Amino acid sequence: MKVTVFGIGYVGLVQGAVLAEVGHDVVCVDIDANKVELLKQGHIPIYEPGLEALVKENHASGRLNFTTDAAAGVKHGEVQFIAVGTPPDEDGSADLKYVLAVAESIAQHMESHQIIIDKSTVPVGTADKVSARIAHVLALRERKDLSFDVVSNPEFLKEGSAVADCMRPDRIVIGTSSATTEDVMRELYAPFNRNHEKIIVMDVRSAELTKYAANCMLATKISFMNEMANLAEMLGADIEMVRQGIGSDPRIGYQFLYAGVGYGGSCFPKDVQALIRTADSIDFDSKVLKAVESRNDEQKTNLFKKINKHFDGNLLGKTFALWGLSFKPNTDDMREAPSRVLIEALWKAGAKVQAYDPEAMEETQRIYGDRDDLSLCGTKESALKGADALVIVTEWQAFKAPDFDVIKQQLKKAIIFDGRNLFEPKRMKNKDITYFSIGR
Ligand code: NAD
């Protein structure tokens, strides 16, 4: 099938590459000319395991192409994916300007029936808005004869395993009430639906809400565990034991039950916020979601509070080694990363940061630029040199079994603040390391 994808970000690029891999003929369109040029030359703008080889192979085979030419993109596709960003507006609601701009482009250039697929995470009612915008432009073009259908097809990939998630999705949610559109969507996704039925067809609004409900449920699990961790700390319990004790109940399960430094990334914070705003707009008080958000905001300050307390509020001139900058492992994404809240709080208190991350160094440099109070180090060991303590923010595999002798040699004093509970407190005590973790 000939497929066009608007937006070459985490979602659009991965989805485009995966669709090309199974044989579809894909054109990806973006307004970022620099990104498009880099991709044409074989440079992948984001880090995602397995993505580079997939993009290069499919680009070389001619099944995956990149352009800034929206008209050519629209002309190419039998279906048009909208996979552009939906960042928070000033009030936290999802900003639809990029989505609606793509809708306009499609309407301006379409010459035959089109299926427009909302892949971006968008509030309930967006498919109606996209339809209205397209109808408006078609009317201006005096082309009311052109028919179209807008489908909601939310994306559930996880950054860090995006390629694997798209190749083997748990479910494919398709929001449409049209049998013909459903048929086209089934054909598009048939290669991913062979092992067992994964396609769940529903009405458009339910599909739109499903995406928010999924992310808000996961964010709720994280905030719930962080709340339990804070309670455990005050009550003299160990959240790791509690986690195992409750995870063993199959109704609860072990997934997503880790206490830590709060959720970040480009999805959970903005999606929780956007659903709260949607609820506000219809005078519904989303009590649970508001609590989830406020617990998370507070949890992001947890490590700083522990550090500040340990050093009696005297952080001026101190240096901290930071392991992990990306909001989670296996990505270079720093959007809403807890590391940023910590780094900025340390700077405000007059401390310096020596940081290392396996993938997010360039992104950190891009965000913060050159500063006297930030050293970006080439290895996790070099970040330790002369620091007053080590702070672990992201649970990269490479941090899980470090050489504790090196840590002790390189730090001024053997102190670790661990935001991800990577080590056993007893073992740390035996090694004479002053160890702080979450909820223990
Ligand atoms: P992103 O910011 O990485 O990429 C968006 C891309 O869209 C950018 O390259 C931008 O230049 C491009 N763009 C903007 N306007 C355009 C236009 N008019 N025409 C063509 N391209 C345009 O975003 P992302 O992380 O890929 O997220 C995209 C959507 O998918 C969001 O709604 C997000 O909530 C959702 N989503 C993201 C993830 C994730 O893990 N990142 C997972 C599921 C769903």
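Domain bounds here come from an automatic or database domain assignment. With these bounds, domain 1 (2-202) and domain 2 (212-298) both contribute residues to the shell around the ligand, so the ligand lies between them. The model is a predicted one, in which local features need pLDDT of at least 70, side-chain atom pairs count only at pLDDT 80 or more, and totals for chains, interfaces and linings use all residues. Residues are numbered from 1 along each chain as its sequence is written, and side-chain values use heavy atoms, with hydrogens and water left out.

A residue is near a molecule if one of its heavy atoms lies within 4 Å of it, and of the 26 residues around the ligand, Asp30, Lys35, Thr86, Glu159 and Lys270 come nearest. The shell comprises 11 nonpolar, 7 polar and 8 charged residues (Ala, Val, Leu, Ile, Met, Phe, Trp, Tyr, Cys and Pro count as nonpolar, Asp, Glu, Lys and Arg as charged, and the others, Gly among them, as polar).

Oxygen atoms of the ligand lie 2.6 Å from a polar side-chain atom of aspartate 30 and 2.5 Å from an N or O atom in the side chain of threonine 86. For glutamate 159, a side-chain N or O atom is 2.7 Å from a nitrogen atom of the ligand. The ligand taken alone exposes 830 Å², of which the protein buries 89% (Shrake-Rupley method, 1.4 Å probe).

Elsewhere, 6 strands form an open parallel sheet in the order E11-E10-E9-E12-E13-E14; strands are DSSP runs (E) of at least two residues, and two strands pair if DSSP finds at least two bridges between them.

How values were computed:
A polar contact is a pair of N or O atoms within 3.5 Å; within protein, one must be able to donate a hydrogen and the other to accept it, and residues adjacent in sequence count only if both atoms are side-chain atoms. Helices (H or I, at least four residues) and strands (E, at least two) are DSSP runs, numbered from the N terminus.
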